[in-house]
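Open the structure in your viewer and keep the selection tool at hand. Each stop below tells you what to pick next and what is there.

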Amino acid sequence: MKLLHVAGPLESSEISSMSCSGGEASLMADAGVRYRVNFRALKEEQRRPLKESLGEMVTIANPLDYHTFVWGNREKQTTAFSAMMKGGYALNLIVLDFPRQDRCDAADWVTTCDAVIDAANATSARAGIVASLGENMPEQTALSLMAAGVIPFFGIDEALAAVETAAGIGAAWARPAPPKLLNGGVSGGGNAITLSEHEAKTELAASGLKVRRARPHRRRKRPPRQPKASVSPSCSRGWASPTRPRPGPSS
């Protein structure tokens, strides 16, 4: 719902992922197998700016592990995030797990959020920040991201499921609208009549609509019942004929 609320339906399921560790990049790649999402390969024009901003030791790929060489540096992070967001993806995700606010200083995490917002504004691209666990995204941070047009996600699976749903909605909206139904009113001031199924299918077929072959149902006439034959007492079990005496022992 947050994705649809902030960004609306997506035009495709092509997404990018960025994180500062290879473990998070692997989690995103593995989870993507379970959903209809596409971590499309980077374009050639993206590779050089990413390599220049992140350094030679970083493997340029999607999902991208950008390491910690630019961690805490808002300007360099913005440059790297912008290079990724220029790839024409429907959504660009950054994996970011916040520490506990009561025990840690989250200043560098806030810097990363600011860099994501700066990059999204500079490229007019959609961006989202994904916490691998819901409790790793402070509520106030989520509200601040939404106010800046960046979608907060509470969980990797939840984020990818949202992308799949939003892309499906976008695909449905992009399809041509079905033809309008015919006006059901009666023209010429006549009276409406109800057709039988066979008559209706005949009319539809005459208008070019494919319908299954139909045949009118004819009720079969049952043959008249024959009267039951009467049973003669002489045929009954244990009865003797009334015209002949029952044989006795003497006969």
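Start at Y66: at 2% relative accessibility, this residue counts as buried. Buried means under 20% relative accessible area, exposed means over 50%, and partly exposed is in between, with a 1.4 Å probe and protein chains only. You are looking at a predicted model, where local features need pLDDT of at least 70, side-chain atom pairs count only at pLDDT 80 or more, and totals for chains, interfaces and linings use all residues. Residues are numbered from 1 along each chain as its sequence is written, and side-chain values use heavy atoms, with hydrogens and water left out.

**Aromatic pairs**

The structure holds 2 aromatic pairs. Rings of Phe, Tyr and Trp (its six-membered ring) pair if their centres lie within 6.5 Å; planes under 30 degrees apart count as stacked, over 60 as edge-to-face and the rest as tilted.

Y66 sits in the loop between β2 and α4 (74-85), F81 sits in helix α4, and the two are 15 residues apart. F81 is buried too, at 1% relative accessibility.

Now select W71 and W109. They form an edge-to-face pair, 5.3 Å centre to centre with 85° between the planes. W71 lies in the loop between β2 and α4, and W109 in helix α5 (residues 107-123), so the pair ties together parts that are 38 residues apart in sequence. W71 is partly exposed at 24%. W109 is partly exposed at 22%.

**A charge over a ring**

Go to R40 and Y89. R40 lies over the face of Y89, at 4.3 Å from the ring centre. The rule: NZ of Lys or CZ of Arg within 6 Å of the ring centre and within 35 degrees of the ring normal.

**The sheet**

Switch to a cartoon view. An open sheet of 5 strands runs in the order β2-β1-β3-β4-β5, with parallel pairing. At its edges are β2 (64-65) and β5 (151-154), each pairing on one side only. Strands (E, at least two residues) and helices (H or I, at least four) are DSSP runs, numbered from the N terminus. Two strands pair if DSSP finds at least two bridges between them.

Select residues 15-19 and 91-95. These are β1 and β3, parallel over 4 bridges. S16 stands opposite N92 in β3.

**Cysteines**

Last, pick C104 and C113. C104 is partly exposed at 40%, whereas C113 is buried at 6%. How many disulfides are there? The count is 0, where a disulfide is a pair of cysteine sulfur atoms within 2.5 Å.
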